[in-house]
Amino acid sequence: MSTATTDLRTPVGRPGVARRQRRPSPGLILLCLLSLGLFVWPVVMLAYGAFRTAPPGFGHASWSTSGFTAALSSSAVWHAFANSLILSGSTVLISTALAVYLAWTVTRTATPLRRIVTPMAVLIFAIPPLFFALSWAMLGEQPVGLVDKALHAMFGVTPLNIQSWFGMIGVSVLGATAAEYLLLLGPFLALDPSFEEASLVCGASRLRSFFLIELPALAPSVLGVMILGFVLGMGLLTVPLLLGEPAGIYVLPTAIYRDYQAVTPPNYAGASTLALLLVAMVLILVALQTRLLGRRSFTTVTGKSSRRERLDIGRWKWLGTAVIVIYGLLALVLPLGQFVLGSLESYFGVYSHLSLNNYSTVLHAPGTSSAFETTLLVAVVAGFSAAALGVWVALTAQRSTSRLRRLPDLSIWVLWAVPGITLSLGLIWAYLSVPGLRSLYATQWIVLLALIVGTTPIASRAVTGPIGQISRELEEAARTAGASGFRATTGILLRLILPAFVVAWFITGIVASGNLDIPILLASPNNQTVPLLAYNQFNDGSLSQAAATFCLLIGIVAAVLVLAAVMRFVLRLRAAGRSPALPALRLPAGLPGRSR
């Protein structure tokens, strides 16, 4: 029993009693209250708002089920719900199949161009989701879109209308595939090759071994990614808003947005009811995943060391190369090319007299500088705060001995079932119902707070694994050597989890800065973010200015990625002791962040 966790009052000789549950510390109580207030309260207020007859903040409202029953008895609502299922289900099936194929191609074969898949996926993940919706709305704009004009000029055909089911599903797949590939890359790399070797010895082909042995072994990872993708798809707003709504295709998130923004007065009760329906659906999916995988064993990483050789798949490798090229063309080259070309056009669709006038117009327009300042504030402060809160929650769950240690983590898990626009609506009810907090509405502070709340689950999941890999023996050794608990935590534990914290900060900052679902209900014209500014420009018909705005944002994101790559390279040189300008830093084997 370690000295740092043993309770000296524990009776000797009682088997099975390792240590007593300690009383919660003031810090744990504060974290529990903060978690309930930030993550649970908005969801509770959604249920509250579904049965109120007045807007948030009005005390003369009464309780009524009219808004609730009207929403659930509407055929349009259930039609939107069915559309959400179709969009999310189709997207997750296609994107998961493509992500599995790419992960297998990169980790198992010698396919040419396989090395560009991971950097390409990271770049696609870092680009805001609105990028794909806006770019493909411009690419497929008839008759002036780049794809439309190119296909008509070369083949004399008119492509499918992008504002349709085909366009919604296709564009959603482009963004989802990159995220799912990054989630599946680790499990594919960690898969024990002895499974395949045993199957080959028994006479099975490589293809049969993959589908009957390796793919079932990866079932928890694949199924988890599919459920996560389905959850995110059910809450998808940007693609249906730009590509579905013009075609008369409504899903639950766009129906919520319509009830709040497109009718006067806003239908708060109806919007809250639809949000609760969405939350209930997602919670059922999470419970289903737990029931399906909770008692099954999927051990694929053993203590045996082995080396996996890449497969020579002959001419089939060129199919993999073609898939990589086509995906990169559709997800990056064409959208980025349309944005760059569109930003230089004097009027969208007129491919002559190209100039930088749109950039000058955007940079000098009122509200542009404040939008970039707000986005920078969101990326830095929201990312840092979400990462710090995630570390605090993860440390509490794994290091505390109180019965309340799991409460903050469970509170964060609630938000996995709350899409962005639903969270915005819950925060409106939560803060406008409290007199002292009403002044936050329509300010950059409520947008910042909402994005911290919305991205903390991502940060928490990013740091939980690295923190769990750090043994308590390091802290206990420091305590044995005479260090205080505070010094042992800050001098050892926090320094070891610093790489995971920086990664969580970077990811949540990127996600928060490109989010549209949350600011679209909470921001005002004076504190909008860059994605919201570009969306409003697109809605106003200023497509070339929207392209210029997004090109500026993408340029900043690319600069940040390059800076991160340079810093990583310098740190690797420093860790290896090869940098003449920096003192060598030797890391013990097995520490997070050590290059292999």
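How are α3 and α14 oriented to each other? They are oblique to each other, with axes that cross at roughly 125 degrees. This is a predicted model, and the briefing below walks through two helix pairs that share α14, starting with α3 and then turning to α7.

**α3 with α14**

- Helix α3 covers residues 75–108, and its axis comes within 11 Å of that of α14.
- Because angles of 65 to 115 degrees count as roughly perpendicular and those over 145 as roughly antiparallel, the crossing at roughly 125 degrees makes α3 and α14 oblique.
- In handedness, the passage of α3 across α14 is a left-handed crossing.
- On the α3 side you will find Leu98, Tyr101 and Leu102, which meet Leu319, Gly320, Val323, Ile324 and Tyr327 in α14.
- Sorted by class, the residues of this contact are 7 nonpolar and 1 polar, with no charged ones.

**α7 with α14**

- Helix α7 spans residues 165–190 and helix α14 spans residues 316–344; the two pack with their axes 10 Å apart.
- Their angle is about 115 degrees, and α7 and α14 are therefore roughly perpendicular to each other.
- Here too the crossing is described as left-handed, with α7 passing α14.
- Leu174, Thr177 and Ala178 of α7 make the contact together with Tyr327, Leu330 and Ala331 of α14.
- The class count for α7 with α14 is 5 nonpolar residues, 1 polar residue and no charged residues.

**A residue to look at in α14**

Terms used
Residues numbered from 1 in each chain as written. Predicted model: local features only at pLDDT ≥ 70, side-chain atom pairs only at ≥ 80, totals over all residues. Heavy atoms only, no water. Axes fitted to C-alpha atoms, helices over the stretch in contact; angles between N-to-C directions. Helix = DSSP H or I, 4+ residues; strand = E, 2+ residues; numbered from the N terminus. Parallel < 35°, antiparallel > 145°, perpendicular 65-115°, else oblique. Left-handed = near helix turned anticlockwise from the far one by under 90°. Contact = heavy atoms within 4.5 Å. Nonpolar A, V, L, I, M, F, W, Y, C, P; charged D, E, K, R; others polar.
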